[in-house]
Amino acid sequence: MLSDLGHPSRSRFFLRVILPFFGVAVALNVVAAGFLYWSAAEADRISIDRQRALVDLVVSQLRERVSHDQESVTVWDDAVAAVQRRDLGWIDVNLGSWMNSYFGHDRAYIVDPRDNPIYASINGTQVDPASLSDIWNEAEPLASDLRSRLLQGDGTGVSEQVLSLGASDIAVAGGRPAIVSVKPIVSDSGEIEQVAGEEYLHIAVRYLDDTLLGKLQDNYLLDGLRFSSGNSVDGAEVASPLGSSSGEVIGYYIWTPYRPGSVVFGSVWPIWVGLFLAGLTALSVLVVVVRRRSLSLNRSQAEITHLAWHDNLTGLPNRIHFKHRLDEAVTTAAKRGQTVALLYLDLDSFKDVNDTLGHPAGDVLLREFSERLRRTVDPGHAVARLGGDEFAIVLCDMDDEEQIEQLCSKLLECARHPFHLSNTQVFLGVSIGVAVGRAGEADAVDITRQADMALYAAKKSGRSGHAVFTPDMETLLKERRDMERDLRNALDLTDQFQIHYQPLFEAKSGKLVGVEALLRWYHPQRGAVGPDVFIPLAEETGLIDRLGDFVLKGACAAACEWPVETLAVNASAVELANPAYAMRVANILMATGLNPKRLELEVTETAMSDMDSVSRANTLALRKLGVRFALDDFGTGFSSLARLQQLDVDRIKIDRSFIRGFGTGNGDEAIVRAIVDLAKARGLRTTGEGVETPEQRSFLAEMGCDELQGFLMARPLSQDALRETFFPDGMIFSSRATGTRPV
């Protein structure tokens with residue numbers, strides 16, 4: 001070799017070609033190796049930074065969630081009343097064990113206005129309130145700060161989403177890292193007076209070691225994750241500090257991070273050495289491998305971003321994403337001179353689904369409803385789930401109010417069709433609040449508040465409907481107070497009330513077989529006030545008992561003179577829950593002389609399904625007298641054909657919304673037929689409400705419906721008009737006078 005190199009030409013070739021070639025090859029490989037090493041180190045750094053960001057994100061979201069979870073029970077009239085009377089049984093079920101079983105809170109405490117503990121729960125089990133001392137050093141500054149803010153009337157941070165003030169921090173509680181959150185127990189309606197700064201406080205503790213460690217390690221592959229009070233990393237481990245609001249570091253999350261760059265570098269380097277002479281080819285392969293690893297990291301980042309911006313259950317954008325989309329839509333509308341519309345949706349009676357069929361069934365229902373929303377709303381609009389059974393839709397450039405009305409009708413229709421859950425059919429409704437922001441005038445906060453007020457108005461109007469925000473809704477509270485005052489005055493005078501009677505006809509023969517008593521209120525200034533307005537108000541204000549007695553007395557006295565088999569009178573769930581209700585009905589029957597077997601009390605599905613012991617006792621006592629019960633407006637609330645078999649009623653009244661849908665292709669005929677068939681199988685009678693066309697009457701009669709009501713046969717009539725129309729000869733009811741007048 002030396003001899004070869006000694007040849008002048010070969011030496012020149014070595015010096016001019018081989019050496020430069022090897023030099024260039026070595027240089028290229030050194031540069032490539034350096035680039036590979038730098039890429040591996042950079043990939044490791046990015047991966048570690050993302051893992052740290054992921055840990056911080058999970059802790060931050062968990063801290064917000066604990067406070068949000070507390071509001072589900074602390075902003076509640078019942079909770080205020082329970083803690084004031086110190087009903088520990090109620091408190092344990094609703095403010096203690098339920099917070100552990102449903103939200104996963106590890107500890108719960110209640111302190112009185114003097115910060116004396118009255119209740120404590122650890123891991124869902126009620127314990128000695130004195131155990132508050134374990135975490136009081138951490139909770140006391142938060143409680144003190146919160147009381148100070150409450151006393152000053154500070155409303156910072158309170159919004160439609162955050163219902164009450166609160167204070168939370170990350171601290172070491174009982175030797176373990178934890179989120180400590182303090183919330184006041186306040187009235188949701190505002191009807192319970194509370195002294196500012198002297199509210200009872202609810203303290204929640206959520207540990208950040210065992211549960212969170214398991215979640216992060218299992219879901220995000222943080223190998224060997226542990227919590228340590230000191231930053232004592234071992235070898236290849238990394239640490240992420242866990243700090244309080246004041247910036248104090250209370251400990252560190254430590255784990256062995258996944259280093260994709262190091263994995264790649266360690267796998268490729270032996271091959272690199274073996275393929276040194278093919279450096280360019282090997283470099284190309286390595287670049288491809290590094291690129292693939294980089295793409296994998298990007299996909300992981302995209303998945304993390306998706307999880308942070310979307311609801312895990314339904315896949316819809318979450319509250320954070322919704323706020324971003326709304327702000328974006330408002331900004332775009334202002335620049336382009338467009339209109340933004342916001343729809344707030346809330347499922348009616350969703351809690352009944354969870355209570356009756358369980359939370360898994362409720363999750364299935366939410367997913368199915370989300371799919372219906374996706375199919376109903378155009379892809380250009382934003383649909384989001386805000387939490388629980390609350391949804392929102394952002395409509396961009398929708399200045400045509402008729403289009404918005406049509407969309408609301410479609411949304412109501414998509415919710416009205418039955419949901420198939422746990423081998424049963426469930427009927428729900430949805431309430432919708434609509435707010436429209438004009439170009440240049442729309443503000444995200446204002447339009448959100450307006451949509452929420454419109455949703456409240458829709459629910460107050462009877463649910464399963466929609467309401468568009470108007471400035472008049474700002475005066476809703478004042479109007480309600482005025483209406484309550486007028487209702488009390490009207491009950492004292494009673495001359496403003498009239499009882500009208502809706503005739504009830506046999507479906508096949510057309511005979512008059514009964515009447516339904518309907519209360520009408522004619523206010524001297526307001527004019528006719530609808531029962532959908534004053535009946536709920538009477539229930540909320542405790543006036544329903546007086547109102548019900550007035551109707552029942554007048555109707556029973558009038559019906560004694562008429563040859564009808566049935567007198568139907570509506571009974572409120574509030575009335576049934578009164579221990580004296582059965583006795584009052586019995587006294588009225590005795591005073592008027594009406595046979596109890598002719599009286600039929602109409603009760604809603606919710607009232608029949610959610611009866612307490614008092615309501616059941618009243619129902620049983622009235623049944624023993626011979627009074628019958630009817631299920632009113634079947635299909636408008638939380639309806640289930642399977643649950644219908646469990647209700648103790650004599651008649652089912654099919655809601656007019658199903659009958660109105662005959663011939664529209666929505667399947668209402670099949671639903672009504674199923675209801676009638678099931679009723680026959682149980683020996684129950686059925687009544688079709690809202691019959692307005694001959695076709696509807698014929699179809700109901702053909703399928704076997706027993707009785708009909710509706711404007712086609714007769715509108716509600718006053719007592720005198722009913723007598724003149726159907727009993728012109730002064731027929732008086734007796735045991736032998738049971739004939740009826742055909743129409």
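In what order do the three strands of the open sheet stand, and is their pairing parallel or antiparallel? In this predicted model, the three strands are arranged in the order β7-β9-β8, and the pairing within this open sheet is antiparallel. The edge strands are β7 (223–228) and β8 (238–243), each of which pairs on one side only. From one strand to the next, the twist averages 20 degrees.

The pairing of β8 with strand β9 (residues 249–256) runs in the antiparallel sense and extends over six bridges; in this part of the sheet, S240 stands opposite Y253 in β9. Helix α6 (residues 210–220) packs on the sheet, where α6 touches β7 and β9, and the direction of α6 makes about 155 degrees with that of β7.

A packing of two helices was also examined. Helix α3 (residues 77–84) packs with helix α4 (residues 88–103) at an angle of about 140 degrees, and the axes of the two helices lie 9 Å apart. Because angles over 145 degrees count as roughly antiparallel and those from 65 to 115 degrees as roughly perpendicular, the angle found here makes α3 oblique to α4. The crossing in which α3 passes α4 is left-handed. On the side of α3, the contact is made by D78, A79, A82 and V83, while α4 contributes W90, I91 and L95.

Notes
Residues are numbered from 1 along each chain as its sequence is written. This is a predicted model: local features need pLDDT of at least 70, side-chain atom pairs count only at pLDDT 80 or more; totals for chains, interfaces and linings use all residues. Side-chain values use heavy atoms; hydrogens and water are left out. Axes are lines fitted to C-alpha atoms, for helices over the stretch in contact, and angles run from 0 to 180 degrees between N-to-C directions. Helices (H or I, at least four residues) and strands (E, at least two) are DSSP runs, numbered from the N terminus. Angles under 35 degrees count as roughly parallel, over 145 as roughly antiparallel, 65 to 115 as roughly perpendicular and the rest as oblique. A crossing is left-handed if the near helix is turned anticlockwise from the far one by less than a right angle, and right-handed if clockwise. Contact means heavy atoms within 4.5 Å. Two strands pair if DSSP finds at least two bridges between them.
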